[in-house]
Protein chains: 2
Amino acid sequence: MTHPFTCGLDAVLFVMGSKWKPLIVYHLAHRTLRYGELRRSVGKVSDKVLAQQLKELVADGIVARRDFRQIPPHVEYSLTPFGSSLSQALTQLCEWGTHHAAELAEIAERSASGTKGEPVTSAQ
Amino acid sequence: MTHPFTCGLDAVLFVMGSKWKPLIVYHLAHRTLRYGELRRSVGKVSDKVLAQQLKELVADGIVARRDFRQIPPHVEYSLTPFGSSLSQALTQLCEWGTHHAAELAEIAERSASGTKGEPVTSAQ
DNA sequence: CGGCATCCTAAAAGATACTG
DNA sequence: CAGTATCTTTTAGGATGCCG
């Protein structure tokens, strides 16, 4: 048991398998950010979700949280060395996405127009 | 509009952002597989989910489907060149996961035992 | 054998309101 | 400012059964 991981990939997915985590790591890879900055960077994410995923990332040793214990609050997030190595492993994937952004955008549009109403029925 | 991609990463997540797709791509990276082989390789995945994700991957130009049009059916899946390049971009991440499998397994155990208050009561 | 249709559950995500 | 609590919505995933 317990690493039910069939390959390194689902091991990764275990810690990164949620909508915003890769983005969080990506943004923190550039620099340390305060909570509010991070929220704005990541985009349209709610406090609940961001705080929750952040907490998990901290628990998983990927993100470090530094609380200045002030009023008003001041909390900074950054990557741990472990998280940093992860962010580097993401680089290749990120570059692939950037490189194929055009194709991916087309794909996105295509599935956006026919996802529910019409299954993609690739008659092939 | 429509590539609301803030970086290459969510572009990738758009096509790979589901539980089994990375694994499917991973297994097909080794060799062409028949539907049944793939299902067994991937692990505990239902037909509905596998077929669905496979269809999306085909629609997205990542996986190629070859139907021999026979009875009994014989269908083979393989990566397209596009999918192949994606699988290579996943390599680094996969290696990271493999390399850190031990830490990740610990993390998995920890979150399994004490994440919220009590574990996911999934008797499974 | 390789699916697809239906139904169902669990988990993720989101909106909103409120607090130290 | 940085969250937490609560509720609702959305989505993914799974079990089963049928059909070509």
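Visitor: Two strands pair if DSSP finds at least two bridges between them, so in what order do the three strands of the open sheet in chain B come?

Guide: The order is β1-β3-β2, with antiparallel pairing. A strand here is a DSSP run of E with at least two residues, a helix is a run of H or I with at least four, and both are numbered from the N terminus. This is a predicted model, where local features need pLDDT of at least 70, side-chain atom pairs count only at 80 or more, and totals for chains, interfaces and linings use all residues. Residues are numbered from 1 along each chain as written, chains are lettered from A and ligands numbered from 1 in written order, and side-chain values use heavy atoms, without hydrogens or water.

Visitor: Which strands are at the edges?

Guide: β1 (33-34) and β2 (63-67) of chain B, each pairing on one side only.

Visitor: And what is the partner of B:Leu33 in β3(B)?

Guide: B:Tyr77 is its bridge partner.

Visitor: New topic! How many residues of chain B are in contact with chain A?

Guide: 44, touching 44 residues of chain A, where contact means heavy atoms within 4.5 Å. The two chains bury about 4100 Å² between them, 75% of it on carbon and sulfur atoms. Buried area is the accessible area (1.4 Å probe) lost when two parts are put together, summed over both.

Visitor: Which three residues supply more of chain B's share than any other three?

Guide: B:Leu9, B:Leu93 and B:Trp96, with 16% of the area that chain B buries against chain A.

Visitor: How many salt bridges cross the interface?

Guide: Zero, by the rule used: a side-chain nitrogen of Lys or Arg within 4 Å of a carboxyl oxygen of Asp or Glu.

Notes:
Pairing = 2+ DSSP bridges.
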